[in-house]
Amino acid sequence: MNQLEFVNSIKPFKDKVFRLAKRLLVSTEEAEDATQEVLVKLWNKNDVLEKFGSLEAYAMTITKNYCLDQLKSKRASNLQIVHNNYAEKEAGLQQKIEDSDSWYWVEKWINDLPEQQKLIIQMRDIEQYEFGEMAKILDMNETAIRVALSRARKTIREKMTNTHNYGIR
């Protein structure tokens, strides 16, 4: 595969690689470095890339593993997930304040989830991956992914309900 073919084959999912890296590493600079590192790894293996059924799934797996290695090596205690892609049009000031507060709490609760549940929430709810794709990338059973996603959502939903009800049921 020549350079132009390689660039054309990675172009459709390059941004997804970056977003996954940013979700896991938080820092834009670290996510850019991770994305570049993943692309270099793919280029170094360009002679065998045609063997993979889904180049995107393979790239996402490399990204996930690289980021998790980075977190384990030196930054595991500083992990923080931030989601700031949310913007509502035509919302009043009161609604914007409430939404901002809700997002703050959701981000905090996602941050408190186990690593695997964070990753599954990111891939399913943010990146909109199908369960089959997630199973390949995460090397997990689809049922296990559904269960982990359900538990993560339930945890966040319960905390959201308790917060908005001020602990009153």
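Q: Where is the place of Gln128?
A: Gln128 is found in the loop between α6 and α7, and the helix numbers come from DSSP runs counted from the N terminus, where helices are H or I runs of at least four residues and strands are E runs of at least two. This is a predicted model, in which local features need pLDDT of at least 70 and side-chain atom pairs count only at pLDDT 80 or more, while totals for chains, interfaces and linings use all residues. Residues are numbered from 1 along each chain as its sequence is written, and side-chain values use heavy atoms, with hydrogens and water left out.

Q: Ok, and what is the phi of Gln128?
A: Gln128 has a positive phi of about 65°, although it is not a glycine. Most residues other than glycine have a negative phi, and most peptide bonds are trans.

Q: Is Gln128 buried or exposed?
A: Gln128 counts as exposed, since its relative accessibility is 55%. Here buried means under 20% relative accessible area, exposed means over 50%, and partly exposed is in between, using a 1.4 Å probe and protein chains only.

Q: What about Asp139, which phi does it have?
A: Asp139 also is not a glycine and has a positive phi, of about 55°. Asp139 sits in the loop between α7 and α8, and it counts as exposed because its relative accessibility is 70%.

Q: How many residues are in the largest nonpolar core?
A: The largest nonpolar core has 44 residues, and those with the most contacts inside it are Leu42, Ile120, Met123, Leu138 and Ile145. Each of α1 (3-10), α2 (14-25), α3, α4 (55-75), α5 (93-112), α6 (115-126), α7 (131-138) and α8 (142-164) supplies at least two residues of this core. The helix that gives the most to this core is α4, with 10 residues. A nonpolar core is a set of buried Ala, Val, Leu, Ile, Met, Phe, Trp, Tyr and Cys residues joined through side-chain atoms within 4.5 Å.

Q: Staying with helix α4, what lies there?
A: One of its residues is Thr63, which counts as buried because its relative accessibility is 0%. Thr63 and Ala21 are 42 residues apart along the chain, and their C-alpha atoms are separated by 6.5 Å. Gln70 also lies in helix α4 and is buried, as its relative accessible area is 19%. Between Gln70 and Leu24 there are 9.6 Å in space, C-alpha to C-alpha, and the two are 46 residues apart in sequence.

Q: How many salt bridges does a search of the whole structure find?
A: The search finds seven salt bridges, each being a side-chain nitrogen of Lys or Arg within 4 Å of a carboxyl oxygen of Asp or Glu. Side chains of opposite charge can pair when their charged atoms come close.

Q: Which residue forms a salt bridge with Glu127?
A: The partner of Glu127 is Arg19, and the closest N and O atoms are 3.2 Å apart. This pair links distant parts of the chain, with Glu127 in the loop between α6 and α7 and Arg19 in helix α2, 108 residues apart. Glu127 is buried, with a relative accessible area of 6%, whereas Arg19 is partly exposed at 34%.

Q: How do Lys154 and Glu158 meet?
A: Their side chains meet in a salt bridge of 3.9 Å, N to O. Because Lys154 and Glu158 are four residues apart in helix α8, they are separated by about one helical turn.
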